[in-house]
Amino acid sequence: MKLAIFGGIYNNYLALEAAIADARARGIDQFYCLGDLGAFGPYPNRVFPLLKEAGVICIQGNYDDSIGNDLDDCQCGYTDPRDNHFAQISYEYTYRNTAPENRRWMRDLPTELRLEADGIRFLFCHGSPRQTNEFLWESTTSTQFLDKLAIDHNADIVLATHTGIHWQRELSDGRRFVNVGVLGRPENDGSTNVWYTIIRTGKDTPKPTGSARWDSTVNNIPIEIDFIPLAYNHQRLAQEMQNEGLPEEFIDTIRNGWWTTCLEVLPSRERLAGKW
Amino acid sequence: MTSPASPGNIPHVELRSLDELWFQVSGTLCNLECTHCFISCSPHNDSFGYLSLETVSQSLEESIRWGVKEYYFTGGEPFLNRDIVPILERTLEFGPATVLTNGIVLQPEWLSRLRDAEQRGKYSLEFRVSIDGPTPEANDPIRGPRTFERAMKGVRLLVEHGFLPIITMARTWDLSEDERILGEFRSVLKEHGCDRPRLKVLPRLQIGAEAGRTEGYGQHDRITPEMMQEFDESQLICNHSRVVTDRGVYVCPILLDAPDARLGETLEDATVNFPLSHGACYTCYQYGAICTNPSASKSSTT
């Protein structure tokens with residue numbers, strides 16, 4: 001089995017288009033998205049035709065729950081007034097510009113999905129299997145916590161997004177937690193590219209190459225998980241955000257790769273990796 | 001899960017999962033004697049004592065099967081405990097650690113060791129430094145003479161060692177003053193070398209010394225079963241935490257002086273439901289997530 005998994009899209013239809021093309025070029029035609037289709041970027045409705053054309057199987061993030069159910073805010077889980085201020089600008093823009101039929105579609109998305117392939121049990125969720133908007137940061141999430149989460153939820157591989165930064169941890173008995181990253185904005189590392197994840201199992205797993213790839217097995221089935229950095233037309237996105245009157249702070253992030261908002265919820269290690 | 005009614009009509013909270021394990025690592029012993037301290041810590045209050053490296057290590061081992069996500073260290077002043085550096089070094093092998101300090105007794109050699117320990121592993125070490133106002137005039141009447149200046153030296157030392165401290169302050173001012181005071185804090189922290197100020201405001205807890213400084217809780221400052229309907233229990237620390245002390249395992253770091261807060265000798269004993277019978281439970285209910293870090297935000301979706 002081989003699949004591409006996308007994290008939060010945040011209205012970044014240009015990155016989604018590029019990710020689908022990139023994955024297809026790598027021989028992959030099965031796609032999943034872990035939710036948060038809206039936020040941050042411009043023209044929310046442009047994401048939906050791309051998802052439908054490529055048959056991307058989506059689950060509901062906190063943003064999709066909010067937009068789909070006409071809630072007042074995005075339920076992003078921020079605690080700082082400045083972070084909430086910017087989140088609200090983005091939420092109101094996205095809500096206002098999402099067509100009713102797309103809102104309804106988001107409202108009806110499942111909050112998790114399960115897939116069993118080559119004897120490996122995958123669980124797709126948004127933040128964590130127990131709470132849609134739970135932040136599981138690499139530096140503040142212990143291995144025993146993730147182990148218990150995977151065991152309690154009967155999964156070999158737990159896939160999540162929500163924090164905006166990709167990472168993975170090997171757990172007991174070959175289990176794995178994987179944050180697939182996001183397509184919506186760069187990872188606060190000074191690079192403009194975004195990230196998605198490719199998983200190959202069983203006979204689709206290439207032989208180990210000795211490169212940076214993670215070669216391993218689950219239940220004696222080979223599995224390979226690759227984080228893919230993706231370049232896309234970020235200058236065009238930034239221009240379109242400007243045309244739409246979105247905050248300069250957001251545009252700066254797209255152009256320079258450093259987060260300028262939503263910073264207070266970061267643990268110190270992830271915060272120190274950024275510029276602000 | 002909330003019990004609908006129990007003797008006295010008190011709602012009970014279930015320990016949903018043990019996400020945070022706290023250590024009362026220096027008991028109630030502190031170099032300061034703050035007038036708002038909810039457990040009345042002082043140089044002489046030894047009602048709770050220091051935890052040894054051995055005790056903490058045993059709890060860390062025990063915590064694995066509970067799937068503990070993060071560890072927190074408090075007191076008193078944790079850095080009065082002579083084992084605190086090896087305790088934190090050991091903890092970082094198990095998971096992320098946060099230490100709540102007044103910043104005054106920190107030593108450069110300790111911070112160098114802790115910096116190395118954090119860099120060796122995969123987990124964050126967070127420092128939360130208590131300062132109760134952006135000026136000596138605001139802070140010192142509460143925390144003691146020259147404590148503002150001495151705590152700021154601690155902040156500078158932490159920044160020089162590559163840490164990004166979270167400044168925590170008890171709100172001893174009116175809520176409407178928050179924005180002005182946080183702005184002043186950001187300015188003064190930048191002056192002291194902290195160019196990415198992280199701030200956390202805590203509500204006052206009207207117990208311990210604070211009950212004498214202002215006033216204690218009224219008899220109506222209690223949580224009723226009706227208030228728990230459709231309430232997100234994960235906002236309450238007793239829903240996801242326990243505290244190891246030298247006198248057993250307690251329900252939360254706030255209620256140490258309450259007789260019913262001691263739940264048993266071991267973590268296993270301490271998984272029982274807890275009755276929300278205290279005024280401080282009402283504050284926890286009102287403000288939510290008052291003890292954990294912003295990165296562990298638990299605001300729930302609908």
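This is a predicted model: local features need pLDDT of at least 70, side-chain atom pairs count only at pLDDT 80 or more; totals for chains, interfaces and linings use all residues.
Visitor: Where in chain B does Lys69(B) lie?

Guide: Look in a loop of chain B. Lys69(B) sits there between helix H1 (53-63) and strand S3 (70-74).

Visitor: Is Lys69(B) buried or exposed?

Guide: Buried means under 20% relative accessible area. Lys69(B) has 3% relative accessibility, so Lys69(B) counts as buried.

Visitor: Which residues does Lys69(B) touch, leaving out those up to four places away in sequence?

Guide: Check both chains. From chain A, the contacts of Lys69(B) include Glu134(A), Phe135(A), Leu136(A), Thr140(A), Thr141(A), Ser142(A) and Phe145(A). From chain B, they include Leu18(B), Asp19(B) and Pro96(B).

Visitor: Now the cysteines. How many disulfides are there over all chains?

Guide: The test is a pair of cysteine sulfur atoms within 2.5 Å. By that rule the count is 1. The disulfide joins Cys74(A) to Cys76(A), with 2.3 Å from S to S.

Visitor: What is the handedness of the link between Cys74(A) and Cys76(A)?

Guide: Read the angle about the S-S bond. For Cys74(A) and Cys76(A) the angle is -140°, and the link is left-handed. Both Cys74(A) and Cys76(A) are buried.

Visitor: Which cysteine sulfur is nearest to that of Cys30(B)?

Guide: That of Cys41(B), 5.9 Å away. Cys30(B) is in no disulfide.

Note on methods: Residues are numbered from 1 along each chain as its sequence is written. Chains are lettered from A and ligands numbered from 1 in the order in which they are written. Side-chain values use heavy atoms; hydrogens and water are left out. Helices (H or I, at least four residues) and strands (E, at least two) are DSSP runs, numbered from the N terminus. Buried means under 20% relative accessible area, exposed over 50%, partly exposed in between (1.4 Å probe, protein chains only). Contact means heavy atoms within 4.5 Å.
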